[in-house]
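Q: I am new to this structure and would like to go through it piece by piece. Could we start with the terms and then look at the parts?

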2 protein chains.
Amino acid sequence: MMEKIETYRFDVEAFHVDFTGHLFLGVLGNHLLNAAGRHSHNRGWGIDHLNASHYTWVLSRLGIELDAMPAQYAHVEVETWVESVMKLFTERDFLIRDADNGRIYGYARSVWAMIDTTSRHPANLLALHDGDILRYVLSPDEKPCPIAKHSAIRVSATEPLRTLSTRYSDVDINCHINSIKYMEHIMDLFGREQYETRRLRRFDIAYKAESHLGDVLSFYVDGDVCGPEQQVEVRKCAGGVAAGGGDTAVLARVLWK
Amino acid sequence: MMEKIETYRFDVEAFHVDFTGHLFLGVLGNHLLNAAGRHSHNRGWGIDHLNASHYTWVLSRLGIELDAMPAQYAHVEVETWVESVMKLFTERDFLIRDADNGRIYGYARSVWAMIDTTSRHPANLLALHDGDILRYVLSPDEKPCPIAKHSAIRVSATEPLRTLSTRYSDVDINCHINSIKYMEHIMDLFGREQYETRRLRRFDIAYKAESHLGDVLSFYVDGDVCGPEQQVEVRKCAGGVAAGGGDTAVLARVLWK
């Protein structure tokens, strides 16, 4: 039987590090999603298999907690496995470590739903393929993921800190704003001094609604952008509207050390 | 003796394609620079070797001409080699092809200078290491690169089409705006319809002066952004200035089919 854990490797490239010499969070997020994609593909649950039967995975939440961020030229290994499967959601965990010395950089947790691409309704994960997905579950007793689960994020700010029009490079093949680009835009809310004096400790993001090419995104932030914690709400307005407001597209929490 | 050509492989990842399902130009540019970095590293001319003696490579021009852009999940091979070495510049070429069927997507040309990192003055490439670099030259007779060389770019527009403040994710480890990010910002000048009705045929960029985190970039464009050709000048103003003007950071030409 197929191993329950998949190991994915990547190198930290020259253009993928920030001015402190550490991997951009968005690039790390991209590698985690690639690891997830490969794990599910190799077990018959990849989007290529699902698309054929009009289903697709939708990322609902991603939380990354790090003791250190990999530095330029580091060789990194990501382990990923499925922690649980419920009717409408599955939890997938990640371990991120240095491939050379085994040092653990940190862990990540993610929550995924499956939707029917025709109706856009959620699918019952336990009913698909006679519950085949349960064969891949590794319980926390077998493989722990020692970081807290996601908690609710609430933002009370009433004025956006930044408003931007989405452009060509913000969107994916479905013309939706790409999950990684939200992470980049959120990390771009912080100035040089924040990165010089603090280190990202935890980043949580919850995807609430899709936004599209041309939509205007407004970033509402609770917590000083020079401080140790911020909660961020990204609201979207259909293209052409330059003001704030609109429906919530994304919620995020950023914690620094 | 070491081969003169280095072959670098990459896969077109899910989050690296645009809404038409084709690789983002900036991601292709990043892979070309990685291929260049590996070729020079493996021949003792990598920035790791050079930094030790206070020298570094500086990309001066990059021109990419494509019959097709690789699509999602394609396996791509990049060949790179040195076409010529002069006192102050070296020309490096690239061939981009499908690794599965050998079909050629296109070619690229680049021009590099070497500078002394202390004085910021250009170095004499022929004098370093007793002309060792000449051992790697492959003349156009031996290995042709059948696309035109760079030609001068002149922009006469007096009002910027777009002005933006550079942010955290725009800069590299030296706190300079990353070469690839200019390409992304230029491709973001075009709307959905341009990508739906035309295909990028050639992109040329010349890096004239470094800009820094917080600088304001203004994009001056000659040629209709819905048309088949544009010339772009990016000017920079030190952080805080919201208006256009300033020194030329980058010149670019974009041709569509």
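Predicted model: local features only at pLDDT ≥ 70, side-chain atom pairs only at ≥ 80, totals over all residues.

Q: What is the mean pLDDT of chain A?
A: The mean is 94, and 97% of the residues of chain A reach 70 or more; pLDDT is the predictor's confidence in each residue, from 0 to 100. For the complex, the predictor gives an ipTM of 0.93 and a pTM of 0.95.

Q: How many strands form the sheet, and in which order?
A: In chain A, ten strands form an open sheet with antiparallel pairing, in the order 1-3-4-5-2-7-10-9-8-6. Strand 1 (6–11) and strand 6 (162–165) of chain A stand at the edges with a single partner strand each, so one side of each has no neighbour in the sheet. On average, neighbouring strands of this sheet are turned by 20° against each other, direction ignored. Axes here are lines fitted to C-alpha atoms, for helices over the stretch in contact, and angles run from 0 to 180 degrees between N-to-C directions.

Q: Which helix packs on the sheet?
A: Helix 1 (residues 25–42) of chain A does, touching strand 1, strand 2 (55–66), strand 3 (75–85), strand 4 (90–98), strand 5 (104–116) and strand 7 (200–207) of chain A. The direction of helix 1 makes about 145° with that of strand 1 of chain A. Contact means that the C-beta atoms of two residues, placed from the backbone, lie within 7 Å.

Q: Back to strand 6: how many bridges join it to strand 8?
A: Four bridges join strand 6 of chain A to strand 8 (residues 216–222) of chain A, and the two run antiparallel. Arg162(A) stands opposite Phe219(A) of strand 8.

Q: What pairs with strand 8 over seven bridges?
A: Strand 9 of chain A does, in the antiparallel sense. Ser218(A) has Arg235(A), in strand 9, as its bridge partner. The hairpin of strands 8 and 9 of chain A has six residues between the strands, and Gly223(A) takes a positive phi near 100° there.

Q: Is strand 9 of chain A largely enclosed or exposed, and why?
A: Strand 9 (residues 229–237) of chain A has eight of its nine residues buried, so the rest of the structure largely encloses it. A residue is buried if 20 or more other C-beta atoms lie within 10 Å of its own, exposed if 12 or fewer, and partly exposed in between, with C-beta atoms placed from the backbone. Eight bridges also join strand 9 to strand 10 (residues 247–256) of chain A, again antiparallel, and Lys236(A) stands opposite Asp247(A) in strand 10.

Q: A new topic: how many residues of helix 3 of chain A are buried?
A: Seven of its nine residues are buried, among them Tyr182(A), Met183(A) and His185(A). The cover includes helix 1, strand 6, strand 7, strand 8, strand 9 and strand 10 of chain A.

Q: What does Met183(A) touch?
A: Not counting residues up to four places away in sequence, Met183(A) touches Leu25(A), Gly26(A), Gly29(A) and Ile205(A). Met183(A) is buried, with 24 other C-beta atoms within 10 Å.

Q: How many residues of chain B are in contact with chain A?
A: In chain B, 29 residues are in contact with 29 residues of chain A. Helix 1 of chain B gives the most to that side, with four residues.

Note on methods
Residues numbered from 1 in each chain as written. Chains lettered and ligands numbered in written order. Pairing = 2+ DSSP bridges.
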